[in-house]
Amino acid sequence: MSEASLDPGKDSDVYKTLLESTKAIPWRIDWNSMTFSYVGPQIEALLGWEQGSWVGINDWVERMHPDDRDYVVNFCVSQSKAGVDHEADYRAMTKDGDYVWIRDVVHVVRKDGEVEALVGFMFDISERKKTEDHLMRLQKQLEELSYQDGLTGIANRRMFDIVLEREWAAAQQRQTPLSLLMMDIDYFKQYNDHYGHIRGDEALRTVASTLAQAANNPRDFVARIGGEEFIWLLPDTSAANARQVAEKCMQLVRQQQIPHARSSVSPLLSLSVGVGTVTPGAEAPALSFVEAVDALLYQAKRNGRMRAESGTF
């Protein structure tokens with residue numbers, strides 16, 4: 001397409017009618033003067049600005065959303081100077097002060113190796129952007145769900161692995177203590193067998209919400225990592241403080257007064273806890289620490305349940 005094809009003084013009536021009947025808005029800018037030599041009349045229906053109000057490039061710049069302006073202008077100018085055809089998406093301001101998503105498709109016209117003009121089309125992509133935004137929100141929700149335990153609503157094992165990696169690296173770098181609680185509901189199989197899985201699910205949700213509400217430090221992290229097992233990560237927490245948190249967890253769960261007729265240690269639902277604390281060395285693996293705390297949990301079970309066993313590593 002030549003620049004002449006966008007000049008109403010030179011176009012044939014047929015070609016001009018074709019241009020102005022499409023929803024795409026044709027335009028032409030003279031490079032040296034940075035003025036519009038043509039803008040399609042469709043611009044008024046879309047943005048409200050009269051066709052004759054598009055005089056110079058400043059009219060295009062000033063009618064662009066401030067958050068989009070610097071990037072889009074710099075990008076378009078650099079591409080145009082280089083003689084590269086390009087596209088740009090941005091929000092254009094309507095005469096009423098609203099914004100419409102626009103895609104500008106730009107062709108650089110060169111003469112004797114120099115940029116002579118820019119010609120292109122503006123497309124209304126508002127509906128496409130709405131669809132894209134909706135899909136992005138759905139994707140974010142799905143991503144959040146993938147890190148969430150479906151039954152209890154707290155974090156799951158996948159999220160725990162991510163948080164552990166982050167906090168382990170921070171503890172290594174700062175040489176600060178990191179504590180971990182691994183908690184298991186005592187005789188939960190017997191609970192399910194006696195009360196049924198619906199009541200069992202209710203008990204799991206109660207324990208999860210109780211543990212989540214008990215967290216005091218913003219960086220404390222609670223997750224359900226499988227079955228009746230929960231885990232609590234405590235950054236910057238000493239062994240003594242971690243032990244206090246474990247006692248608090250056991251007490252809060254007992255205070256829920258959930259009957260457990262088939263428990264061998266208590267008429268109420270109770271927890272066994274493994275409590276570990278480490279200041280990790282530069283080469284220390286996080287998995288070894290988790291396995292060591294898991295061994296403490298099983299030690300608590302062997303020693304009678306409804307108790308906490310702790311250690312430092």
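1. First, the ground rules. This is a predicted model, in which local features need pLDDT of at least 70 and side-chain atom pairs count only at pLDDT 80 or more, while totals for chains, interfaces and linings use all residues. Residues are numbered from 1 along each chain as its sequence is written, and side-chain values use heavy atoms, with hydrogens and water left out.

2. Next, confidence. The average pLDDT (the predictor's confidence in each residue, from 0 to 100) is 91 for the protein, and 91% of the residues score at least 70. Residues 1–6 have a pLDDT below 50, although this stretch has 22 contacts (heavy atoms within 4.5 Å) in the model beyond near neighbours in sequence. Where pLDDT is low, the predicted coordinates should not be read in detail.

3. Now the charged pairs. Side chains of opposite charge can pair when their charged atoms come close. The whole structure holds 15 salt bridges, each a side-chain nitrogen of Lys or Arg within 4 Å of a carboxyl oxygen of Asp or Glu.

4. Back to Arg 91. Its salt-bridge partner is Asp 68, with the closest N and O atoms 2.8 Å apart. This pair links distant parts of the chain, 23 residues apart: Asp 68 lies in helix α4 (residues 66–81) and Arg 91 in strand β3 (residues 86–93). Helices (H or I, at least four residues) and strands (E, at least two) are DSSP runs, numbered from the N terminus. Arg 91 is partly exposed because its relative accessibility is 22%, whereas Asp 68, at 11%, counts as buried. Buried means under 20% relative accessible area, exposed over 50%, and partly exposed in between (1.4 Å probe, protein chains only).

5. A pair within one helix comes next. Lys 129 and Glu 132 form a salt bridge at 3.6 Å, N to O. They sit three residues apart in helix α5 (residues 126–146), so about one helical turn separates them. Lys 129 is buried at 16% relative accessibility, while Glu 132 is partly exposed at 33%.

6. Look also at Arg 224 and Asp 149, whose side chains meet in a salt bridge (3.2 Å, N to O). Arg 224 is in strand β7 (residues 221–226) and Asp 149 in the loop between α5 and α6 (157–174), so that distant parts of the chain, 75 residues apart, are linked. Arg 224 is buried at 14% relative accessible area, and Asp 149 is buried at 11%.

7. Finally, a network: salt bridges link Arg 166, Glu 167, Arg 219 and Asp 236.
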